[in-house]
Amino acid sequence: MPILELERISFKYAEKRVLQDVTLTVARGEFFGILGPNGSGKSTLLNLIDGIRLPCEGEIRLKGVAPGKMQRRDVARLVAVVPQEASWVFPLTVEEVVLMGRTPYIGRLAFESERDLTVVRSAMEATDILLFASRLMETLSGGERQRVLIARALAQEPEVILLDEPTSSLDIAHQIRTFDLIRSLSRSAGLTVVSVTQDMNLASLYCDRIAMLEEGRIHFLGRPGEVITEANIREVYGVNVVVDHHPLTGLPRVSLLGSHSPGQESRWESGAAPQL
Amino acid sequence: MTHPAPHLTLIRIFRVCLLLLVLLAGVSALSLVMGPAPIGIAAVFKCILAAVRFPGVSDPLNGAERTILFSIRVPRILLAGLVGAALSCAGVVFQALLRNPLADPYVLGVSGGAAVGAIIAIVTGLGSLPFGIPGLAFAGGLLSILLVWGLSGATGERRTDHTLLAGIIVNAFFSALIMFLVSITSGEQIHSVIFWLMGDLAMAGENDILLTVVFLIAGFAVMFLHARDLNILLTGEETALQLGIPVKRTRMLLLISASLVTGAAVSVSGIIGFVGLMVPHIVRMLFGSDHRLLLPASLLFGGAFLMAADTIARIVLAPAELPVGVVTALCGAPYFAYLMKRSA
């Protein structure tokens, strides 16, 4: 049984169609990527998977059960979410935030057990944040905060991790380290990964399969080599790019083109170039 | 700092609470002996020891002094402690639920709503029913926080500044209602109505104390049982859902319990502002944001804080008295300004 099944999902938000007829299955241990232009419904899709929003039509099953019908606590033991960014109005330390990941396992009046602390410590080690465990969230850089949120998700010991543009504020070293870590967890511990990203090269490098969304529909679905092509990107994003092969991995490699790049004059035919 | 922070343990909670209990005891001892009638601390101790028939101690106080001590000062100090504790806990909960460090039962209009409820109870005679005044005060407080909640989320995204704006609007509306009720109230009732507007602890009675104790215990129990949930709610509702908190139910329970303790406090003491703003903030700075410690610490510190404020109110113009609400607003409003400037 696939760990995650979406069957003909539609979602409207105030009369606006956000997702339409999305069908998708993700296998246990798969690293699944979601690409698509801004506003194509990627983040909403994540909200539907973890049951924060309910689909208007269609069915979602997490290990065979609709997340909207489960207790929140049970969903939280199964699915962890790494949001894009969170705001820190109150003074909270890094360790306090990572410990929050243990919430679905701790009883109402209980304190953190030795095991909870061990899990939290290894999540902080894995994300390279142990050094500033006692610092306040508001004093960290955007990239450091992002790693804290990833550590909190790992502390949940989930079977599925949902990432919403997890690397957008990370430098390339931490982009690679984060995705390496998540990929190794998916290979060794069977963690299923669903990651929204804007970075096609990262997606190409790490994802087993990719869905490319446009206006709430899955336009292309398949292995990176099948989805990340010049023709598909032109169709969905309306821009010309060069896709060739990564010299070492042979996976698709996307190179952007500006309108001033050689070979781009043809894009603005018959005097349609933008007038400044 | 390079070493991991010590996480919260039961021992730390006990230690901090013990420390604050000592503070509370010290402040209450000071308040007991402060006042226009000079009664020394030694005399008070001897009197208490004599009252419990401690061998070899005779009561040094005369009848008038004993009356001042036990019928005026003791109830008033107890009530100050209870009201301070109630308003502080309510402030902690409102701040966490609205994710706004400037929230407070007074600023949000909850105290105003509760006062309207209490005044309606007096004016209509419903106040003579058991739990009439605190019951309607609770209903008024709950109504205003639900109004604030609805208004601040009206644009979809719940924004910090919208919460305060909504509080101002609700507060203005309830103030107008209070003025309206005052102007239609007849002579003999007007005195008890005016009392609510000032925020005063002078009329502390046995029933008031009992009532506040019961409401405070019930409300605080619900809050403390949700202390960990409050921690998570600080990071936002969506995150709370993702970490397994049933947000809607939890929020409703907490709003009800915070309105309950506010309603009790307002029905016995009137509108005392800014306690619920200052106390949680000071405690958070001293001991951190974890509600398992923040809630009990605010309870104790808030009690000591209002006792101290009320003592100042009693002695600063002695033999005349200030309403304690004047004292808390005189230090609270500048504190609010300071917090606003810092968070801007």
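Me: Where does Ile41(B) lie?
Reply: Ile41(B) is in helix H2 of chain B, residues 41-51. Helices here are DSSP runs of H or I, at least four residues, and strands are E runs of at least two, numbered from the N terminus. This is a predicted model: local features need pLDDT of at least 70, side-chain atom pairs count only at pLDDT 80 or more, and totals for chains, interfaces and linings use all residues. Residues are numbered from 1 along each chain as its sequence is written, with chains lettered from A and ligands numbered from 1 in the order in which they are written.

Me: Is Ile41(B) buried or exposed?
Reply: Ile41(B) counts as exposed, because it has 11 C-beta neighbours inside 10 Å. The cut-offs, with C-beta atoms placed from the backbone: 20 or more other C-beta atoms within 10 Å is buried, 12 or fewer is exposed, in between is partly exposed.

Me: What does Ile41(B) touch, leaving out residues up to four places away in sequence?
Reply: Ala29(B) and Val33(B). Contact means C-beta atoms, placed from the backbone, within 7 Å. Ile41(B) and Ala29(B) are 12 residues apart in sequence, and their C-alphas are 7.5 Å apart.

Me: Switching to all of chain B. How many helices and strands?
Reply: Chain B has 14 helices and 0 strands.

Me: How much of chain B is buried?
Reply: Buried residues are 48% of its 344 residues.

Me: And the contact between chains, how many residues from each?
Reply: Chain B gives 28 residues and chain A gives 27 residues. On the chain B side, H10(B) supplies the largest share, 4 residues.

How values were computed:
Two residues are in contact if their C-beta atoms, placed from the backbone, lie within 7 Å.
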